[in-house]
Amino acid sequence: MTVEPGVRTGAESDASVIARSRDEPEAFAVLFDRYAEAVHRYLARRLGGEPADDLMAETFTTAFQQRHRYDPSRATGDGARPWLFGIATNLVGRHRRAEARRFKALARIPAPADHEEPLADRAAARVGAQAVGRELAAALAALPARHRDVVLLVAWGGLGYEEVAQALGVPIGTVRSRLHRARSKLREALGGSDPTTLREVSDHD
């Protein structure tokens, strides 16, 4: 049964699952059930569906291998989500050029005619980012990687500022600064539109 992130009523905490998995490796599958879908969705929006399949698997393989180093005292609450998204984001870092090429390609997709099924929607659906518009894709491609990581962890990963700081291993003040700069750049590129609408990217993949 999949348990929604943050919901622990009647369920074993993430920290307890990880601790137990050190002696019972099969217990780690609980974290996969809880977070695999969210991690895959985040990776697919950034890199596309096929790379996301591989990187999602690699994220959980890496987490499993590093489970003995997991420190619940550094976590926000007892949740493993920031830890897992941090690993996923580090893996995205190996594919910066591919991510930038993908956003640039989405930015070049022509606007659909009124009578056609939206070509942009069809193409974006194949890579798990149905609502990424051309202007937004171009703006994301132009962001420095460290700023893009922060804004997409917030917008597409659904992490709070403290969770992003934990995921990236940076102070919360750095998260706030990078997010402010990223939003300013996006707002400028989008003609003043509020870049927090990134949160509204379609979730019915």
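The secondary structure of the protein chain comes to ten helices and zero strands. From the N terminus on, the order is α-α-α-α-α-α-α-α-α-α. The model is predicted. Of the chain's 205 residues, 45% count as buried.

**Whole chain**

- Take the contacts between residues at least 6 apart in sequence: 68% of them join residues at least 24 apart.

**Helices H2 and H3**

- Helix H2 covers residues 29-47, and helix H3 covers 49-65.
- Their axes come within 8 Å and cross at roughly 140 degrees.
- H2 and H3 are therefore oblique to each other. Angles over 145 degrees would count as roughly antiparallel.
- H2 passes H3 in a right-handed crossing.
- By class, the contact of H2 with H3 has 13 nonpolar, three polar and one charged residues.
- On the H2 side, the contact is made by Leu31, Phe32, Tyr35, Ala36, Val39, His40, Leu43, Ala44 and Leu47.
- On the H3 side, the partners are Gly49, Pro51, Ala52, Asp53, Leu55, Met56, Thr59 and Phe60.

**Threonine 59**

- Threonine 59 sits in helix H3 and is one of the H3 residues that meet H2.
- Threonine 59 is buried, because its relative accessible area is 0% and the cut-off for buried is under 20%.
- Leaving out residues up to four places away in sequence, threonine 59 touches Val39, Leu43, Leu84, Ile87, Ala88 and Leu91.
- Of these, Val39 and Leu43 are among the H2 residues in the contact with H3.

**Alanine 80**

- Beyond residues up to four places away in sequence, alanine 80 touches Asp14, Ile18, Leu31, Tyr35 and Tyr70.
- Leu31 and Tyr35 also belong to the H2 side of the contact with H3.
- The C-alpha atoms of alanine 80 and glutamate 163 are separated by 9.8 Å. The two residues are 83 apart along the chain.

**Arginine 97**

- Arginine 97 is found in helix H5, which spans 96-107.
- Arginine 97 is exposed, because its relative accessible area is 70% and the cut-off for exposed is over 50%.
- The C-alpha atoms of arginine 97 and leucine 47 are separated by 10.0 Å. Along the chain, these residues are 50 apart.
- Leu47 is one of the H2 residues that meet H3.

**Helix H7 and its cover**

- Helix H7 takes in residues 134-142.
- Its buried residues are Leu136, Ala137, Ala139, Leu140 and Ala141.
- The cover over the buried residues of H7 includes helix H5, helix H8 (145-155) and helix H10 (172-189).

**Helices H8 and H9**

- H8 and helix H9 (residues 161-168) pack at an angle of about 130 degrees, with axes 10 Å apart.
- That makes H8 oblique to H9.
- The crossing of H8 and H9 is right-handed.
- In H8, Asp149, Val150, Leu153 and Val154 meet Tyr161, Val164, Ala167 and Leu168 in H9.
- By class, the contact of H8 with H9 has seven nonpolar, no polar and one charged residues.

Note on methods:
Residues numbered from 1 in each chain as written. Predicted model: local features only at pLDDT ≥ 70, side-chain atom pairs only at ≥ 80, totals over all residues. Heavy atoms only, no water. Helix = DSSP H or I, 4+ residues; strand = E, 2+ residues; numbered from the N terminus. Buried < 20%, exposed > 50% of the residue type's maximum accessible area, 1.4 Å probe, protein only. Contact = heavy atoms within 4.5 Å. Axes fitted to C-alpha atoms, helices over the stretch in contact; angles between N-to-C directions. Parallel < 35°, antiparallel > 145°, perpendicular 65-115°, else oblique. Left-handed = near helix turned anticlockwise from the far one by under 90°. Nonpolar A, V, L, I, M, F, W, Y, C, P; charged D, E, K, R; others polar.
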